[in-house]
Amino acid sequence: MEFGSHYTGLGDFLAELALLTSVDAEDVAADEGRETIKLTTIHQAKGLEWPVVFVISLAEGSFPNPRTIYRQEDEEEERRLFYVAVTRAKDHLYLCSPLTLGEHGPPVKPSRFIRELPQHCFAKLPAPGVVYDYR
């Protein structure tokens, strides 16, 4: 039996993996000088930094979470989480927005948080999906 075969999809697998994975300052310090990839949630990443950070799924309908922005203060909390995510990068930050939500879903716009950034601060990179290199 293949590891992960009981998951219904990659999203379910990654969600559970992120919940089971704990990241702390000791883990980051232990990895200095080695090439590693850390998969984490924004909440787990508070207070930590990495040389390169990819923030994924930055699309309307995904981030901010549509279930959490009924009130202005809820949207501001999502904006604070976005700030936490983008301030984890020491050297390079990549903000990634899919073209669709789901394999056959309708086209989506990049997250309002990306659209609110000054245009001169990032470059749109050619990639499957939309990737922004924040400068």
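Modeller: Helices (H or I, at least four residues) and strands (E, at least two) are DSSP runs, numbered from the N terminus. On that basis the protein has five helices and four strands. Their order along the sequence is α-α-α-β-α-β-α-β-β. This is a predicted model: local features need pLDDT of at least 70, side-chain atom pairs count only at pLDDT 80 or more, and totals for chains, interfaces and linings use all residues. Residues are numbered from 1 along each chain as its sequence is written, and side-chain values use heavy atoms, with hydrogens and water left out.

Now the core. A nonpolar core is a set of buried Ala, Val, Leu, Ile, Met, Phe, Trp, Tyr and Cys residues joined through side-chain atoms within 4.5 Å. Buried means under 20% relative accessible area, exposed over 50%, partly exposed in between (1.4 Å probe, protein chains only). By that cut-off, 33% of the 135 residues are buried. The largest nonpolar core holds 19 residues. V53, V55, L58, F63, F82, L93 and L95 have the most contacts inside it. At least two core residues come from each of strand 1 (50-55), helix 4 (72-86), strand 2 (89-97) and helix 5 (112-115). Helix 4 gives the largest share, four residues.

Take V53. Contact means heavy atoms within 4.5 Å. Beyond its neighbours within four places in sequence, V53 touches A85, R88, A89, H92, L93 and Y94. Across the protein, 59% of contacts with a separation of 6 or more join residues 24 or more positions apart.
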